[in-house]
Amino acid sequence: MIPIAKPQIGDEEKQAVLEVLDSGMIAQGPRVKAFEEGFAAMCGVKHAVATSSGTTALHVALLAHGIGPGDEVITSAFTFIASANSVLFTGARPVFVDIDPATFNLDPAKIEAAITPQTKAIMPVHLFGLTCDMAPILDVAAKHGLLVIEDACQAHGAEYQGQRSGSFGTGTFSLYPTKNITSAEGGMITSNDPVIDEKCRVIRQHGMRRRYYHDELGFNFRMTDVHAAIGLAQLQKLERFNAARIANAAYLSSHLQGVITPVTPAGQRHVFHQYTIRVEGGRRDALAQHLSANGIGNMVYYPVPIHQQTFYVNELGYGEVRLPETERAAAEVLSLPVHPALSQTDLETIVAAVNSFTGV
Ligand SMILES: *Cc1c(COP(=O)(O)O)cnc(C)c1O
């Protein structure tokens with residue numbers, strides 16, 4: 001079986017965890033601080049705040065920007081549920097804009113029509129490792145005075161016109177085991193704004209600036225030093241991991257036949273969190289079955305767009321929302337293994353299995 005994802009945990013991670021356990025300081029401590037500094041440097045920003053997950057990073061980032069009841073946040077419905085749920089956690093409402101079918105990311109040309117007097121922020125989701133088309137998104141945000149909070153949970157080290165994801169506004173990252181680097185569970189908030197950085201730190205820890213004095217409502221969304229030790233070791237490997245993903249994707253794209261392979265627009269560095277093809281003609285599920293039968297891991301990210309999820313339809317009134325490109329993508333996409341542990345034989349096996357199905 002060639003798995004769809006495979007966390008790369010080596011001796012460095014194991015040794016780092018043992019050192020933390022032996023240090024006697026296992027909750028949030030010096031490793032978290034070092035991981036935050038290293039992560040900020042990786043993104044080319046001044047500040048990073050570590051949290052317990054990507055979901056809590058999104059939640060805290062939105063709260064730090066004052067987003068709450070009565071506000072609207074424009075985002076994509078073709079993403080993991082946490083992108084939109086984090087908006088709901090604050091009491092605000094996600095407003096979904098359709099995607100560009102070529103990139104699976106928010107279509108910047110469709111954002112302006114979705115802006116209302118309640119709109120507070122745009123949340124571009126850099127899906128599958130490709131940064132959104134940020135220049136027009138930043139233009140429309142500036143024109144309407146909107147915040148930009150990036151869901152970069154799948155885009156560690158991705159670049160747009162030489163600039164890293166997570167550095168365009170306030171960035172949020174996940175460190176879940178399937179992501180390009182992991183801390184087992186974990187998240188990161190990146191920014192260049194010292195006020196936002198400080199607010200995130202306070203919300204992460206019970207709204208507390210001075211011990212046992214609570215200025216506002218906060219949470220326990222801290223990362224532990226055990227997790228940060230894993231994350232720090234992984235951070236040293238991110239460039240190597242991303243280079244392997246990019247090379248694996250290039251091999252697949254030059255050999256796969258009869259399917260639509262992912263695009264990397266000019267001026268972008270796609271880091272292939274997922275390698276996602278489009279299978280037209282209603283044959284996606286049959287190809288998925290064929291690959292599974294041949295021992296090739298595969299997954300549909302995502303089979304149900306958020307506006308069509310039961311909770312969003314039944315409880316939140318999104319039943320009338322229509323997003324044709326999002327809905328078509330959900331019916332046609334299939335992700336293939338692209339992770340750094342793939343061998344040349346694995347890549348050849350994947351290509352042979354896909355091409356035998358498409359009959360080219
Ligand atoms: C993984 C992911 C999240 C949530 O991250 P967790 O660490 O799993 O909480 C949010 N948004 C996107 C796009 C993701 O892929």
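Which pocket does the space taken by the ligand form? In this predicted model, the ligand takes up the space of the largest pocket.

Let us begin with the pocket. The volume of the largest pocket is about 370 Å³. Its lining is made up of 23 residues, and those closest to its centre are F80, S174, Y176, K179 and Y302. Sorted by class, this lining has 9 nonpolar, 11 polar and 3 charged residues. Two helices, α3 and α4, each contribute at least two residues to the lining. Of the elements involved, α3 gives the most, with 3 residues.

I turn now to the ligand. Which residues come nearest to the ligand? There are 15 residues around the ligand, and T55, D151, Q154, S174 and K179 come nearest. Please keep S174 and K179 in mind, for both are also listed among the residues closest to the centre of the largest pocket.

The shell around the ligand consists of 5 nonpolar, 8 polar and 2 charged residues. Helix α3, which spans residues 54-64, and helix α4, which spans 81-89, each supply at least two residues of this shell. The largest share, 3 residues, comes from α3.

The side chain of T55 has an N or O atom 2.5 Å from an oxygen atom of the ligand. At G54, by contrast, the backbone is involved: one of its N or O atoms lies 2.8 Å from a ligand oxygen atom. For K179, a polar atom of the side chain is 2.9 Å from an oxygen atom of the ligand. As for cover, the ligand on its own has 380 Å² of accessible area, and the protein covers 92% of it.

Finally, let us consider the cavities. How many cavities of 30 Å³ or more does the structure hold? The structure holds 3 of them, and the largest cavity contains about 90 Å³ of space. This cavity is lined by 14 residues, of which K6, P7, P177, K179 and R245 are the closest to its centre. Its lining comprises 6 nonpolar, 5 polar and 3 charged residues.

Thank you for your attention.

Technical notes: Residues are numbered from 1 along each chain as its sequence is written. This is a predicted model: local features need pLDDT of at least 70, side-chain atom pairs count only at pLDDT 80 or more; totals for chains, interfaces and linings use all residues. Side-chain values use heavy atoms; hydrogens and water are left out. A residue is near a molecule or strand if one of its heavy atoms lies within 4 Å of it. A polar contact is a pair of N or O atoms within 3.5 Å; within protein, one must be able to donate a hydrogen and the other to accept it, and residues adjacent in sequence count only if both atoms are side-chain atoms. Accessible areas come from the Shrake-Rupley method with a 1.4 Å probe; for residues, only the protein chains shown count as cover. On a 1 Å grid over the protein atoms alone, a cavity is a set of points where a 1.4 Å probe fits but cannot get out, and a pocket is an open set with protein on both sides within 12 Å along at least five of seven lines; lining residues have an atom within 4 Å of a point. A molecule sits in a cavity or pocket if more than half of its atoms lie within 2 Å of its grid points. Helices (H or I, at least four residues) and strands (E, at least two) are DSSP runs, numbered from the N terminus. Ala, Val, Leu, Ile, Met, Phe, Trp, Tyr, Cys and Pro count as nonpolar, Asp, Glu, Lys and Arg as charged, and the others, Gly among them, as polar. Grid points are joined across faces, edges and corners, and a volume is the space filled by probe spheres set on the points.
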